[in-house]
Amino acid sequence: MSSTKIQPDIEKLRKAQYDIDPLFINRWSPRSFKADKEVPEDVLLSIFEAARWAPSALNIQPWKFILARTKKDREKFNSFIMEGNRIWCEKAPVLALIISKKTNDKIGDNATHAFDTGAAWGYLSLQASQKGLITHPMGGFDREKAREVLNIPEDYAIHAVVAIGYQGEKEALPEKLQEREQPSDRRPLQESIHEGTFQP
């Protein structure tokens with residue numbers, strides 16, 4: 001059993017219906033980053049090491065991560081991230097674009113590339129939480145511009161940009177985002193499980 005406990009401020013907003021490790025409850029996606037706190041190399045690489053161990057069909061490991069850690073590289077990323085996300089993610093010391101190869105030399109089209117890459121992202125996000133980092137994935141960006149700016153081949157699917165860093169104060173965000181800066185709940189488990197067949 002994990003010695004980790006659910007963080008007090010999170011416990012008020014999130015309750016598991018069944019017994020799970022607090023790691024899953026503690027992880028959420030804040031928007032406020034400490035702009036002046038860099039992520040040490042070994043800590044950053046440890047979260048991608050966790051992603052490396054995610055399961056994938058035939059162990060193909062279709063995922064790739066394109067990182068932006070320098071000011072120059074982050075500006076390239078900002079060129080295709082939508083303004084609503086740039087308002088807060090520009091303070092994150094690390095941005096990562098998650099992509100996956102849609103084909104494989106052994107099997108041709110890889111039908112599970114996105115599913116497997118989602119597992120890798122999940123591992124990454126949980127390890128980041130364990131290391132005291134926050135992660136916030138974004139779908140709000142121009143994928144075709146990202147492909148062009150970062151020279152991504154057509155046989156790669158582009159999934160999400162993830163902001164990575166240390167959590168900042170809620171008050172550092174624009175006022176309209178401050179009220180959203182808290183962990184979200186989840187729908188009841190029973191609404192996600194269908195016994196035997198699909199039930200509308």
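How many residues apart are K76 and D73 in helix α4, and by about how many helical turns are K76 and D73 separated?

Entry one, K76 and D73. I worked from a predicted model, and in it I found the side chains of K76 and D73 meeting in a salt bridge, at 3.8 Å from N to O. Looking up their placement, I noted that the two are 3 residues apart in helix α4, which puts about one helical turn between K76 and D73. I then checked accessibility: K76 counts as partly exposed at 35% relative accessibility, and D73 counts as partly exposed at 24%.

Entry two, E41 and R69. I found a salt bridge between E41 and R69, whose closest N and O atoms are 2.6 Å apart. Because E41 lies in helix α3 (residues 41-52) and R69 in the loop between β1 (63-68) and α4 (71-78), this pair ties together parts that are 28 residues apart in sequence. For E41 I read a relative accessible area of 44%, which is partly exposed, and for R69 I read 35%, again partly exposed.

I looked up a salt bridge joining E90 to R86, with the closest N and O atoms 3.5 Å apart. E90 is partly exposed at 46% relative accessibility, and R86 is partly exposed at 25%.

Key:
Residues are numbered from 1 along each chain as its sequence is written. This is a predicted model: local features need pLDDT of at least 70, side-chain atom pairs count only at pLDDT 80 or more; totals for chains, interfaces and linings use all residues. Side-chain values use heavy atoms; hydrogens and water are left out. A salt bridge is a side-chain nitrogen of Lys or Arg within 4 Å of a carboxyl oxygen of Asp or Glu. Helices (H or I, at least four residues) and strands (E, at least two) are DSSP runs, numbered from the N terminus. Buried means under 20% relative accessible area, exposed over 50%, partly exposed in between (1.4 Å probe, protein chains only).
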